[in-house]
Amino acid sequence: MTPVPAANPLLEVRDLQVRFPVRRGLFTRARAFVKAVDHVSFTIQPGETLGLVGESGCGKTTLARAIVRLLKPAAGSIWLADEDIAALSAAQMRARRRLCQMIFQDPFSSLDPRLTVGEIIGEALEIHMTTGQMVREALEIQRLGAASAYRHRIAELLAIVGLDPAQAQRYPHEFSGGQRQRIGIARALAVEPKLIVCDEPVSALDVSVQAQIINLLQDLQRERAVAYLFVAHDLAVIEHISHRVMVMYLGKIVETGPAKSVVQTPKHPYTQALISAVPQIDPQTRRPRIILPGEIPSPINPPPGCPFHPRCPIAEPRCRTEPPILREIAPAHWASCHLAK
Amino acid sequence: MLEILNLQIDFASGGRRLRAVDGVSFSIAAGETFCLVGESGCGKSATALAIARLLPAPPAHYAGGAILLDGVDVLRAGRRQLRGLRGGVVGYVFQEPGASLNPVFRVGAQIKEVLKLHRPDAATDAEVLRLLKLVGIPAPESRLKNYPHEMSGGMQQRILIAMALAAQPKLLVADEPTTALDVTIQAQILDLLKDLKQRLGMSLLLITHNLAIVGEIADRVAVMYAGQIVEIAPARALLTRPWHPYTQALIASVPKLAAPGERLRSIPGNVPALDAMPGGCRFHPRCLKAQPDCRLKKPELIEVEPARWVRCPYWNTSPPSPS
């Protein structure tokens, strides 16, 4: 069920830029910059899933980290619940973290191996709900003491993600990859965020476990109206879970629109090639393969004009000099290509 | 040209011996593309490495069975024979190209190293260039002196394929060769493998967990679960009419592009640990069609139709309707 677009988006990113300096040696001044995120703008509505897809070096992971302010953007604004968090200090950001949490790709390195699972999930509660009083109030449980309310909440979160609450005393290494990912989700849910940024949350999992985690994320969205920025490279997963999709290439958005629309009628030649490259189980659904020549260029030195033109099967002379802008090609479906229609 | 008969491989772990590969049998004909599919820990990589006896033993122990590679029993061959087989009859390509290439040698030199070992008369720059062209590397002259880190992942994988082909093997074993690559590069590499197979008449054993890759490239497929093969069939037949409940569940749990569907059918539970194998059928605790005697009787791999094998006595039944 697609959420009805609200007047006020939950997240609005305007003209975001994230750059990394490239230094030749340890002590030389930066001569060049990698424009990892290059003038990116988009919105996410409450309760919606925006899928973000692209290949290596496109900037999707950098964008995801910038949204939760694990990185500081060079320019642009990130409006989260009517406040621009792009330039806040670390201390100021801490309070805003209740709204926006993150789930990471690697279930093995994203959990502190020296804390029990209960402590990992509870850490968020400790930081954001400073007294047992607040926890009790939040849960409307007046009879319990502070420590019990805390334990109750942790048990509740473990149950929500499909784990046995009795396992709160165990350490991460005692769980499988899929279970650790569930713990990461419980940790993200602890503070009841409105937006969760998911950075390739199922890529490191076995196929049969991926389905469990994808179903869990969808159930949680239905029950709690939480929005997701879902970063992945697997187009089928993205299409399945997203309401809208954004495709990135070399730091820029090249196409964005409703998930079905982008995947079934892609307008940008890069998206078309990407989708045609996805291997298909069913031969009936296979479309002619568009093989892109060459490699993805280095983001330090992107090509002039349209960044995709050296590999584009339909490039024209103007593509080499004039950078395209995002145009609305079909209802709510935008592409950054001079020739898209 | 490859025949694996009842292969059994144990691994020593903490004083115990755990059976990672339990009675695996299949064969690959000349010029055929065979896919071995399964999730992590099912034993597919161990089986693949065993073909050239590449598993370090200890901790591995070849507990039983035979592997006939071009007529030679690999598990009983002498060192000299093995050296000839490795590279000369069977070549390997692995998942992480960056980890397989020596970072301190130029790629041209690494390819030449293979030539010196197996075809010393052909160990020339000209032959290296020919191989680079064969695997589709543009402007190969400029690449001869590159170090691995100067190339992208897709290029590195092509170099590894060139190295594997340098010795002109009859069988190429590729273990998840495209998993670490972007999807557009993956498409290039799969196309390359298909093209090479056709041009060189080489057999290909491709190991993957991605059923869609199977659909694109395989002639025949074997599905592994917990150290055993549970189904063997021609690729098209397996993907359109899977018989084993695990294969069916696996296919149902994969999101497919442009296919409608509200909810993925996930497989409950987890793959069993090697030291905690369920009694009877290994899949029964997670199986939708499980019957009472699945807990007690170990099913055999049976050829139900020509070229279609399945390890389940109830493959032909429907699952009980959801309550």
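I shall start with how the model is to be read. This is a predicted model, in which local features need pLDDT of at least 70, side-chain atom pairs count only at pLDDT 80 or more, and totals for chains, interfaces and linings use all residues. Residues are numbered from 1 along each chain as its sequence is written, while chains are lettered from A and ligands numbered from 1 in the order in which they are written.

Chain A is divided into domain 1 (1-99 + 193-275) and domain 2 (112-192), with bounds from an automatic or database domain assignment. Ten residues of domain 1 and eleven of domain 2 of chain A form the contact, where two residues count if their C-beta atoms, placed from the backbone, lie within 7 Å.

Which helix gives the most to the domain 1 side? Helix H7 (residues 207-224) of chain A does, with four residues; helices here are DSSP runs (H or I, at least four residues), strands likewise (E, at least two), numbered from the N terminus.

H7(A) has 18 residues and reaches 26 Å from first C-alpha to last, close to the 26 Å expected at 1.5 Å a residue, that is, 1.5 Å times one less than its number of residues. After H7(A) comes Ala225(A), with a positive phi near 50 degrees.

Finally, chain B has an open sheet of four strands in the order E2-E1-E4-E5, with antiparallel pairing; pairing requires at least two DSSP bridges between two strands. Strands E2 (16-28) and E5 (72-73) of chain B are the edges. Two bridges join E4(B) to E5(B), and Leu69(B) stands opposite Val72(B).
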